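Dear colleague,

I am handing over the structure below, and after it you will find my notes on what was found. Please read them with the model open beside you.

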Amino acid sequence: DGKFNKASYLWRARFATQHIRKLSKLRKRKWKPALVKPQMLPYRYKPHVILDALHPGRKGDWIAPLKRKITGDVQIKHFSFLDSPVETIEVLKEIVRCDATCADYQIHFEVERCGDIAPFLVLGLMRRGMTPAASGGKIHRAIQKVLDAVQMLGFLRMNIRERAPSLDVWPLALREKKPGTSDAATQAFSAAHREKVTDDFVKAIDGWLHQVRAQSGTLGLSAEGKARLGRIFGELLDNAERHSVPGNDRAGGWYVAGFMTKEKTDAGHKLVCHLSIVNTGQSIGDSLMLAEDEDLRTRLHTYCNMHRKHFGSSESADELLRTVCALQDRVSRKSQEEDRSSGGVGLMDMIDFVNALSSSAQGKEPPQIAILSGSACVSLRAPYIRGMRRFDASDPRVLWFNLDNLPQRAPDGLHVFTLPCRFPGTIVSMRFNLDETEVQSGQNLSWDITG
């Protein structure tokens, strides 16, 4: 009737207010823009060789940044392939899962010292394919000091406000050769780069020896010792390039870092050395499947048939057993005629060198070496820490991880085992103490360590 109805007006106003409040609540419940960082918005799922290998369900778990509603924390209590390889692989997998699903998460390093540089190398390679969802976390000052010294803070995307002095850390700074093509120009550059990194490695080891105080002064490598160590390390890098990309020699890449630190003990202090090499691509076990030597392929098949049942009778078991075979002298994918290097002895030579510098004596800390390749993990530690020759000096060195050191017996499952997920490539990490008595003993004279 055209008259103003106060009750109807108040009802409509009250309804509109309630409706606006309801829509506002629904909007707040559905969208949480505060959780999503603006720099995350362009990110979409992209395949990544390491991330997808560690977490095969990454593609299915992936959540678009705007739809992410949860946050999380990753607590790292074990981060060493030398001491806790399974736990370390699991925590790296957890980081991949958080990166695929969380709007924001933090990584907390609960460990107090860096017991292995290799997991940080792997984490740095992972970060290249990850989103910026990780927003800091806790890290002990001693670990920060090591990462700063080896020039890996940027590699790990760590923004440290206050840097600690690294007076008691002697670094072998991060060096890398990215995977690429194998044309002539690239090969020439790669060879020069490999020689430069090898020289840096030898200088680092020589510098570490200088810190060992002997009765006659400091110790160091002679010219012949430097040349021999350079050949061994160069062969390791060469193998990483040649065997990691099937059908494309010299296209593989590698990443190297290490450091020596002084740690306090009840008797004073000790010098602890860490060295790690990481490469992505084909695993050692898979590479040996392409061995050119028919006799070697037969021996590999026989060895796998003998011991497969001890490791689950699966493809992972065969890969693990082939990795054990690859450690033995004169075992190489290339035929001996074609392979003009030392013929598959580089890793055993490096193991001998580590044992020569460190001590395996009772009551002292023996060296440790971890090799992770594909789903295989081989842990070289007491009592299986060095290869032995059967009869005389011309025999190849063998290490079969059993008390009799025979291929007819299965390797010890505490030292040879499969991982819960694959690493797409190979990790070689080692830790050893520089022992003054051991370095000066007569058994190490063959390394030309001079005082």
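**A buried phenylalanine and other backbone details**

At 1% relative accessibility, Phe401 counts as buried, because the cut-off for that class is under 20%. Before going further, please keep in mind that this is a predicted model. Phe401 is found in the loop between β11 (397-398) and β12, and its phi is near 60°, a positive value in a residue other than glycine. Arg157 also has a positive phi, near 60°, and is likewise a residue other than glycine. The place of Arg157 is in the loop between α6 (141-149) and β3, and with a relative accessibility of 38% Arg157 counts as partly exposed. As background, most residues other than glycine have a negative phi, and most peptide bonds are trans.

Five strands form an open sheet, in which the order is β3-β7-β8-β12-β9 and the pairing is antiparallel. The edges are taken by β3 (169-177) and β9 (368-380), each of which has a single partner strand, so one side of each is left without a neighbour in the sheet. On average, and with direction ignored, neighbouring strands of this sheet are turned by 20° against each other. In general terms, strands of a sheet pair through backbone hydrogen bonds, either parallel or antiparallel.

Strand β7 (residues 254-265) pairs with β8 in the antiparallel sense over eleven bridges, and the two form a hairpin with two residues between them. Within this pairing, Thr265 has Gly268 of β8 as its bridge partner. With β12 (residues 416-433), strand β8 (residues 268-280) pairs over nine bridges, again in the antiparallel sense. Here Val272 stands opposite Asn433 in β12, while Cys273 stands opposite Phe432, also in β12. Ten of the 13 residues of β8 are buried, so this strand is largely enclosed by the rest of the structure.

**Helices on the sheet**

Which strands does helix α4 touch where it packs on the sheet? Helix α4 (residues 85-101) touches β9 and β12, and its direction makes about 120° with that of β12. Helix α11 (residues 315-326) lies across β9 and β12 as well, running at about 140° to β9.

**Two helix pairs**

The axes of α4 and helix α5 (residues 118-127) come within 11 Å of each other and cross at roughly 20°. Since angles under 35 degrees count as roughly parallel, α4 is therefore roughly parallel to α5. The crossing of α4 and α5 is right-handed. On the α4 side the contact is made by Thr88, Leu92, Ile95 and Val96, and on the α5 side by Pro119, Val122, Leu123 and Met126. By class, the residues in this contact of α4 with α5 comprise seven nonpolar, one polar and no charged.

The other pair consists of helix α10 (residues 294-307) and α11, whose axes come within 9 Å and cross at roughly 125°. These two helices are therefore oblique to each other, and α10 passes α11 in a right-handed crossing. In their contact, Leu300, Tyr303, Cys304 and His307 of α10 meet Asp318, Leu321, Arg322, Val324 and Cys325 of α11. The classes in this contact of α10 with α11 are six nonpolar, one polar and two charged residues.

**A cysteine in α4**

I would finally draw your attention to Cys98, which lies in helix α4. Is Cys98 buried or exposed? Its relative accessibility is 2%, and Cys98 therefore counts as buried. Leaving aside the neighbours within four places in sequence, Cys98 is in contact with Arg68, Val74 and Tyr105. Cys98 and Asp61 are 37 residues apart in sequence, and the distance between them in space is 9.8 Å, C-alpha to C-alpha.

With best wishes

Key. Residues are numbered from 1 along each chain as its sequence is written. This is a predicted model: local features need pLDDT of at least 70, side-chain atom pairs count only at pLDDT 80 or more; totals for chains, interfaces and linings use all residues. Side-chain values use heavy atoms; hydrogens and water are left out. Two strands pair if DSSP finds at least two bridges between them. Helices (H or I, at least four residues) and strands (E, at least two) are DSSP runs, numbered from the N terminus. Axes are lines fitted to C-alpha atoms, for helices over the stretch in contact, and angles run from 0 to 180 degrees between N-to-C directions. Contact means heavy atoms within 4.5 Å. Angles under 35 degrees count as roughly parallel, over 145 as roughly antiparallel, 65 to 115 as roughly perpendicular and the rest as oblique. A crossing is left-handed if the near helix is turned anticlockwise from the far one by less than a right angle, and right-handed if clockwise. Ala, Val, Leu, Ile, Met, Phe, Trp, Tyr, Cys and Pro count as nonpolar, Asp, Glu, Lys and Arg as charged, and the others, Gly among them, as polar. Buried means under 20% relative accessible area, exposed over 50%, partly exposed in between (1.4 Å probe, protein chains only).
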